[in-house]
Amino acid sequence: VLLALVLLPGIGREVNGAKRWIGVGLFNVQPSELAKVFAVTFLAGYLVRRQKEVRGSWMGFFRPFFVLLPVAGLLLLEPDFGATVVMLGATAGMLYLGGVGLLRSGLMVLLGVGGIYLLVQDPYRWARITNFSDPWADQFGAGYQLSQALIAFGRGEWLGVGLGNSVQKQFYLPEAHTDFVFAVLAEELGMIGALLTVTLFVFVSVRALYIGLWAEKAKQFFSAYVAYGLAFLWIGQVLINIGVNVGLLPTKGLTLPFLSYGGSSLVICCVSLALLLRIEWERRTQIQLGSADVEFSEADFFDPEETSHAR
């Protein structure tokens, strides 16, 4: 509903040609951030309820896309191509971990590649793809953002110019507080600081995957799939955002988790952390309760002389 409302005139707020925000008093809500978490939650529930169908039939595999593809279509109408790729990538990862075979997974990848190919035929998107390969060819035009980001990396060298001393963020680098915040970080903290930041992202993402693995071993499958999905969302956003900043991917507006300015993004990141903490707490509590139950049953229901026989 929010993804549809954001497209209506008078409700959705347009910035730089994209309608991605709904004004709520003094705040702006970005429905795409909510949609990614809701998609993960929906798919996790579906994988638990329909696990046999997902693993054994084509209809069970395709059914969740009847919900997810309209969501992706609404995201593309904003347009928000980055959020669409991240959401569908997390969906593919969750389906694979949910037991979808290699044949269906391969088909899913082919469909995804085909969909991306069709989408990039748009002249605006195609220009972004071609310009990132050589931003200096049009340094003050289509390649301006990337060339300024690369200048920021060059100025940072090994140890950076010092926290708060970035020159590129002084109106040279567009969107320095959101899409290109990693370039500013690299300028101020240098290559060492940038690599440490990447290490922290890797730690958080791997930890989320481990929480999902532990929940799956504890037979908490819904919690496990939610943890996997949240980890994939973070991994996708980090890879795309940093890839754009260093020139490995075409310029795309996508926030860097926990760092980019934006209330919706930061709130959703904190909510995702809260969900992961809850999943880990429930898994640990279940293990403790299980061991306590065993001790209680032995101490109160077994006669000491018959303990070995009862065991």
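## Terms and basis

A residue is called buried when its relative accessible area is under 20%, exposed when that area is over 50%, and partly exposed in between, with a 1.4 Å probe and protein chains only. The model is predicted, so local features need pLDDT of at least 70 and side-chain atom pairs count only at pLDDT 80 or more, whereas totals for chains, interfaces and linings use all residues. Residues are numbered from 1 along each chain as its sequence is written, and side-chain values use heavy atoms, with hydrogens and water left out.

## Pairs within a helix

The structure holds eight salt bridges, a salt bridge being a side-chain nitrogen of Lys or Arg within 4 Å of a carboxyl oxygen of Asp or Glu. One of them joins Arg284 to Glu280, with 2.9 Å between the closest N and O atoms; both residues lie in helix 12 (residues 263-301), four residues apart, or about one turn of the helix. Helices here are DSSP runs (H or I, at least four residues), numbered from the N terminus. Glu280 is buried at 15% relative accessibility, while Arg284, at 35%, is partly exposed.

In helix 2 (residues 31-49), Lys36 and Glu33 are three residues apart, about one turn of the helix, and form a salt bridge whose closest N and O atoms are 3.5 Å apart. Lys36 is buried at 2% relative accessibility, and Glu33 is buried at 5%.

## A pair between elements

Arg63 and Glu53 meet through their side chains in a salt bridge of 2.7 Å, N to O. Because Arg63 lies in the loop between helix 4 (58-62) and helix 5 (65-77) and Glu53 in helix 3 (residues 51-56), the pair ties together parts that are ten residues apart in sequence. Arg63 is partly exposed at 30%, as is Glu53 at 27%. Together with Arg50, Glu53 and Arg63 are linked in a network of salt bridges.

Conventions. Helix = DSSP H or I, 4+ residues; strand = E, 2+ residues; numbered from the N terminus.
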